[in-house]
Amino acid sequence: MIAEVGIAAWMSTLLKLLRSMPALGSRAAIMTSATHAMDGPVASAIHLKLERSLMPTHLQVINESYMHAVPPGSETHFKVVVVSERFEGVPLLQRHRMVNDVLKQELETRIHALSIQAKTPQQWGTEPHVDRSPACLGGSKHDPNVAVKLEAFSKD
């Protein structure tokens, strides 16, 4: 638990520093508040990687693990809302691939499920809402790697 708090505080400080840099600070209208400071290490890593690679104008990383059959405090199920100019002229499937490529390591080792909303600033401007997630259907029961992913989470 102490390590989680230390990592979260370190990541929060690092993100504040990155946002203060002109390249990111002026562009990113990122959902940053006390709730972000409470993010765990996986959510913080997702935030950081997406910020660096896609330079979003809006970014939300939502831990939806509580909606699933995993231990309390898990970081296995996420929704990301990414609004970036880099998505201009890019088909939706390719946008999802871009996000998946950025988070490849996390998807292979820590994340069981990832829901993606990838929009251009113009699309977000006309429809700025987060889609509602469906109820859990117990998919992790059939994931042979879920035990490994949960074990990785417990080591943090």
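Mentor: Buried means under 20% relative accessible area. Keep that cut-off in hand. The model we are reading is predicted.

Trainee: Is Val42 buried or exposed?

Mentor: Val42 is found in helix H4. Its relative accessible area is 3%. The cut-off for buried is under 20%, so Val42 counts as buried.

Trainee: Which residues does Val42 touch, leaving out those up to four places away in sequence?

Mentor: Start with a distance along the chain. Val42 and Asn63 are 21 residues apart, and their C-alpha atoms are separated by 9.3 Å. Now take the contacts, not counting residues up to four places away in sequence: Val42 touches Glu75, Phe78, Arg110 and Ile111.

Trainee: What pattern does the protein chain follow along the sequence?

Mentor: Count the elements before you order them. The protein chain has eight helices and three strands. Read along the sequence, they give α-α-α-α-β-β-α-α-β-α-α.

Trainee: What is the order of the strands in the open sheet?

Mentor: The sheet is open and has three strands, with mixed pairing. Its edge strands are S1 (58-63) and S3, and each pairs on one side only. The twist averages 10° from one strand to the next. The order is S1-S2-S3.

Trainee: Why is S2 largely enclosed by the rest of the structure?

Mentor: Check both faces. On one side His77, Lys79, Val81 and Val83 are buried, and on the other Phe78, Val80 and Val82 are buried. S2 is largely enclosed because its buried residues number seven of the seven.

Trainee: Which element gives the largest share of the lining of the second largest pocket?

Mentor: This pocket has a volume of about 300 Å³. Of the 22 residues that line it, the closest to its centre are His68, His77, Ala113, Pro134 and Ala135. The elements giving two or more residues to the lining are strand S2 (77-83) and strand S3 (113-119). The largest share, five residues, comes from S3.

Trainee: How many charged residues are in the lining of the second largest pocket?

Mentor: Sort the lining by class. Nine residues are nonpolar and nine are polar. The number of charged residues is four.

Trainee: What share of contacts in the protein chain, between residues at least 6 apart in sequence, join residues at least 24 apart?

Mentor: First, the setting: the protein chain has 156 residues, and buried residues make up 42% of them. Now keep the contacts between residues at least 6 apart in sequence. The share that joins residues at least 24 apart is 68%.

Definitions and conventions:
Residues numbered from 1 in each chain as written. Predicted model: local features only at pLDDT ≥ 70, side-chain atom pairs only at ≥ 80, totals over all residues. Heavy atoms only, no water. 1 Å grid on protein atoms, 1.4 Å probe; cavity = no way out; pocket = protein on both sides within 12 Å on 5 of 7 lines; lining within 4 Å. Points joined across faces, edges and corners; volume = space filled by probe spheres on them. Helix = DSSP H or I, 4+ residues; strand = E, 2+ residues; numbered from the N terminus. Nonpolar A, V, L, I, M, F, W, Y, C, P; charged D, E, K, R; others polar. Pairing = 2+ DSSP bridges. Axes fitted to C-alpha atoms, helices over the stretch in contact; angles between N-to-C directions. Buried < 20%, exposed > 50% of the residue type's maximum accessible area, 1.4 Å probe, protein only. Contact = heavy atoms within 4.5 Å.
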